[in-house]
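Biologist: I'm new to this one. Can you walk me through it?
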Amino acid sequence: MADIEARQKSPPKTSFWNDPKIRGLFYQFVVMGALAAFAIFIALNTAANLARQGKTTGFEFFFSTAGFDIFFTLIPYSRASFYWEAFLVGLLNTLLVSAIGIVIATFLGFFLGIARLSPNWIVARIATVYVEIIRNIPLLLQLFFWYFAVLKTLPGVRQSLEFAGGTILNQRGLYLARPLPDDNFTFVIWAFLIAIVAWLVVKAWAKRRLESTGKRFPVAWTFLVLVVFLPAITWLTTGANVAFEYPELSGFNFVGGIELPPEFVALLLGLSLYTAAFIGETVRAGILAVDHGQTEAAQSLGFRDGDRLRLVVIPQAMRVIVPPLTSQYLNLTKNSSLAAAIGYPELVSVFLGTTLNQTGRAIEVVFITMLVYLTLSLVTSVFMNWYNARVALVER
Amino acid sequence: MSTTNATKEISFVREEMLPEMPAPSSVVGPVAWIRSSLFSSPGNSILTIASALLLLWIMPPLYNFLIGNAVFIAEDGAACRVEGAGACWAFIWSRMDFFIYGFFPAEEQWRVNIAFALGLVLIVPLMWPELPFKVVNALAFFVGYPIIVFILLSGGMFGLTEVPTVNWGGLTVTLIIGLVGIVTSLPLGIVLALGRQSKMPVIKSVCVMFIELWRAVPLITVLFMASVMLPLFVPVGVSVDKLLRALVGVSLFSAAYMAEVVRGGLQALPRGQYEAAGALGLNYWKSMSFIILPQALKHVIPGIVNSFIALFKDTSLVSIVGIFDLLNTVQASNSDLNWASEQQAVTGYIFAAAVFWVFCFSMSRYSIYMEHRLHTGHKR
């Protein structure tokens, strides 16, 4: 007995160089050594190259004057601003176009994914053709198409296309009416928020009642009444008013309203149409992944159609859809960097393009740009891991 | 007697089969199909009519633009500048050499043609599953062919005049970047995926960091980095070719994506396969190359082809760092004043899109075909 135990404890005798542990350590030392040597080699070369070109390194350039204009900014910015402000402008522009693009692409993508599965032959065919065309053509080409072939060939300012609601489209961009709510309008917003909270409370109560007594409460109607009527009544009683500022032709251009430059419109169009095709495929795969037996089981348990979709099919489909969906969102954000090619001032264009050219601080600028995208990507994957852990099937 | 009579009266046994009745017309036939797939419910009918109207609205102008009113043969842009003219295909045709060869000297273009032909000769038998000698063929295509293409195109030996890479361009460069990306990213991706699965902490973390870093950043920053930082990384006095910089960037970038695809295949394999390989006494490399990788790679062929498609589309980004790939040649030709017309840019982009589409779509069809073929029964 003791003999066996002793043998179990001591590993079988192998020669020193065949021991897997020692070999593993040896390989890791070799890899570490090689990487360290490579890093030192690169660092020495870089230092030598920089010294030869007479360049310095450091981040102090952030606080010197940028001296270039950006035509589309969300924060006050001028030629006299610092480089860190230019960086911020670029970052905000990236986030702006990504956020709006994500919303549009999600709606269009879900629509496409469901349309491809539609029993209606013609609708399914149109969605299939759209997806197969859009996702097999490079995004950059599509951006060029929208920018150079569509938006840049639109009529000039004098022959602008005018649409309902004061929307104006011409070579210089898209002009929308700007809503100007007065002070009383804050009451309407408060009423809206209160309505949402009240609806959530009612919903929780209705769910508890349904589970304990089996009696239904018309939650959807409550939602309509609360969220539409409460703000509407507030609006009427407080006399809040929303004026619209319409773009007006003055001189050689339109002034007033919200002005969206063609670069922004082209980028938004290209990004959302392209990503929607991929989201459509994700959604289709997710819905197909739910076994038909689940639908049958729900029906035989006596679920209503709406409940069946809401409680059985959609939760299971979402488990498959959400992880690839988040990576599509991340892709859209990363793809917004292609705007550098059509001149929309986002992070890559402003920072990696203009700032790098002017300051010559290649290493610092590339490092910071990569850090920004790395952070976005890490945030996304943290969310994805959290979601995966939350919805993971509990198995044995 | 009576019993026989009685039997005769009550029993009737049919000697022959009844002729088959045609299925009711509400289940088969064009009418039933139209009913079930176009007008099955009021909502569906509305959708059908709306879609039909949409098609009627889009299709005729599209046809007129692409074919009906298109200008196929013309000396210069005058014919395309006519009011109501469609796509200016004559413009594409006149610039075709530029789109395919870029600035490659005209008298040396036969070298590019030979490279194309050789590639076709090697890739067709490789993709045709029934043909033999797959290993030799794959080695020839993935190892021999790139070397031959390099010698053929750059010249400078065997009596060929030297053509610097600056002059390479058009579809040639697009295909070269795609090919090099595919050839380097697959093996590199496999190594990275194996490294990520490794039990050695140093190797694992190095691979994880490499993969996650490349996957987190957009390709365009990688290309910028390759074009501005790579020259700083090499010893003083050494200059790195512009095309090579882009190639390094594209390869490393797609290797990271490939690694994640391969990792999916490795993780999909049951543990039993690893243990069985170990029980047979195979060492790491043998068990990987004979047991694990063949099964894992088979699982993820669609994923691999998808990354190839993504890589091929991404080659268009090199135009931003100033390489004359197909998209950039089209972009440059769009300002050709000889052919200036309103539809010039649109025609150019449609042409480039069609070329990219044909390559990507056939790759995706091929991957679906292989998926069906390799589906040797582990479908759940």
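Predicted model: local features only at pLDDT ≥ 70, side-chain atom pairs only at ≥ 80, totals over all residues.

Biologist: What is the radius of gyration of chain B, and what would a compact globule of 380 residues have?
Modeller: Chain B has 30 Å. A compact globule of 380 residues would come in near 21 Å.

Biologist: And what does the C-alpha trace of chain B span along its principal axes?
Modeller: About 120 × 75 × 45 Å.

Biologist: How many helices and strands are in chain B?
Modeller: Chain B has 17 helices and 0 strands.

Biologist: Which domains is chain B divided into?
Modeller: Domain 1 covers 39–89, and domain 2 covers 186–327. Their C-alpha centres lie 43 Å apart.

Biologist: Switching to contacts. In chain B, what share of those with a separation of 6 or more is between residues 24 or more positions apart?
Modeller: That share is 66%.

Biologist: Now helix α10 of chain B, residues 219–228. How many of its residues are buried?
Modeller: 9 of the 10 are buried, so helix α10 of chain B is largely enclosed by the rest of the structure.

Biologist: Which residues of α10(B) are buried?
Modeller: B:Leu219, B:Ile220, B:Thr221, B:Val222, B:Leu223, B:Phe224, B:Met225, B:Ala226 and B:Ser227.

Biologist: What covers the buried residues of α10(B)?
Modeller: Both chains contribute. From chain A, the cover includes α11 (347–359) and α12 (362–391). From chain B, it includes α11 (230–233), α12 (242–268) and α15 (301–314).

Key. Residues numbered from 1 in each chain as written. Chains lettered and ligands numbered in written order. Domains from an automatic or database assignment. Helix = DSSP H or I, 4+ residues; strand = E, 2+ residues; numbered from the N terminus. Rg over C-alpha atoms; globule rule 2.2 N^0.38 Å. Contact = placed C-beta atoms within 7 Å. Buried ≥ 20, exposed ≤ 12 C-beta atoms within 10 Å, placed from the backbone.
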